[in-house]
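These entries record what I looked up in the structure, in the order in which I examined it.

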Amino acid sequence: MADLIIGRNACLEALRSGRKIRGVLLQKRGKGNPGRTDAAAGSPPDGALKGIAELAAERGVPVEYREKRELDRLADGIVHQGVIARAEEYRYSNVEDILALAEEKGETPFLILLDGIEDPHNLGAILRTAECAGAHGVIIPKNRAAAVNETVRRTSAGAAEYVRVAQVTNLSSTIEELKRQGVWIYACDMDGSTCWDMDLTGPLAIVIGSEGRGISRLVREKCDFVLSIPLAGEINSLNASNAAAVIMYEAVRQRIGG
């Protein structure tokens, strides 16, 4: 089964990452000039399409030019910017892969665990931050949570092609296994110690709860520490992806000695 990757950035990063791409469809405009695009429809400029076509050729990926209406149909309402790629079905990593990556890099594990994030936009934003922050991987539940799909890839601005994502059946059991391997588990939740005062330099996994319910009771009980973000306004919580970004970059600051 093939995945559709829709939009300029997502397709570029999929090609750059080495993911197996079956083919690239580019929008054509007018007879005899298939490389031109319809700017009014939100397509990228000719140079961007040309760059995608050239990169695809370097990777040995077939390129076809199609009418805008065909791309519209395939994109099913998503803004495609004149490009859609057909890729092999997304393959999740496993937890062992993520820990192995940290070992290969000679770094202490830096993981993000998501306890029931259901909004694919939040998942995509978290993947983008995790990739930029140098996290070794993100772990998500298989059930009652967003999976890596086209919306996630698009929101992540291509980061989904690089950061390792593992799907697990039971997040609590995964936490227990990580603890056995020396990883400290930090829950981001209310009533915890201020994140600035926590030591985030060792092997750690940061747990971010769902948008409405937060971290489940059982998962929180499995965590070693609970940390919180100081809030000075009237609103008592941050969006899940924003909270994840703040905590991740506090960990980065500490880990690089800032």
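Predicted model: local features only at pLDDT ≥ 70, side-chain atom pairs only at ≥ 80, totals over all residues.

**Entry 1. Helix α4**

N94 caps the N-terminal end of α4, with a side-chain oxygen 3.1 Å from the backbone nitrogen of E96. G106 follows α4 and has a positive phi, near 70°.

**Entry 2. Helix α7**

Which residues of α7 are buried? I listed L171, S172, T174, I175 and L178. They cover an arc of only 160° around the axis, which puts them on the same side of α7.

At the start of α7, I found a side-chain oxygen of N170 within 3.0 Å of the backbone nitrogen of S172. Just after α7, G182 takes a positive phi of about 90°.

**Entry 3. D119**

I located D119 in the loop between β5 (110–115) and α5 (120–133). Is D119 buried, partly exposed or exposed? Its relative accessibility is 32%, so I recorded D119 as partly exposed. A polar atom of the D119 side chain lies 2.8 Å from the backbone nitrogen of H121.

I also checked the contacts of D119 beyond the residues up to four places away in sequence, and found that D119 touches A146 and E211.

I looked up T129 in helix α5. Its relative accessibility is 16%; since buried means under 20%, T129 counts as buried. Not counting residues up to four places away in sequence, T129 touches A245, M248 and Y249.

I found S156 in the loop between α6 (150–155) and β7 (165–168). S156 counts as buried because its relative accessibility is 1%. Leaving aside neighbours within four places in sequence, I recorded G124, L127 and R128 as the residues in contact with S156.

**Entry 4. The largest pocket**

How much space lies in the largest pocket? I noted about 450 Å³. The pocket is lined by 20 residues, of which C188, D189, M190, S237 and L238 are the closest to its centre. Two or more lining residues come from each of β8 (184–194), β9 (204–209), β10 (225–228) and α9 (240–255). The largest share, three residues, comes from β8. By class, I recorded nine nonpolar, eight polar and three charged residues in the lining of the largest pocket.

**Entry 5. The second largest pocket**

For the second largest pocket I noted about 330 Å³ of space. Its lining has 17 residues, and those closest to the centre are D115, P141, N143, R144 and S216. The elements that give two or more residues to this lining are α7 (171–180) and α8 (217–222). I recorded the classes in the lining of the second largest pocket as five nonpolar, eight polar and four charged residues.

**Entry 6. The whole chain**

Last, I looked up the totals for the protein chain. It has nine helices and ten strands. Of its 258 residues, 47% count as buried. The C-alpha atoms fill a box of roughly 65 × 45 × 35 Å, taken along the principal axes. Among the contacts with a separation of 6 or more, I noted that 79% are between residues 24 or more positions apart.

How values were computed: Residues numbered from 1 in each chain as written. Heavy atoms only, no water. 1 Å grid on protein atoms, 1.4 Å probe; cavity = no way out; pocket = protein on both sides within 12 Å on 5 of 7 lines; lining within 4 Å. Points joined across faces, edges and corners; volume = space filled by probe spheres on them. Helix = DSSP H or I, 4+ residues; strand = E, 2+ residues; numbered from the N terminus. Nonpolar A, V, L, I, M, F, W, Y, C, P; charged D, E, K, R; others polar. Buried < 20%, exposed > 50% of the residue type's maximum accessible area, 1.4 Å probe, protein only. Arc of directions from axis to C-beta. Polar contact = N/O pair within 3.5 Å; in protein donor to acceptor, adjacent residues only side chain to side chain. Contact = heavy atoms within 4.5 Å.
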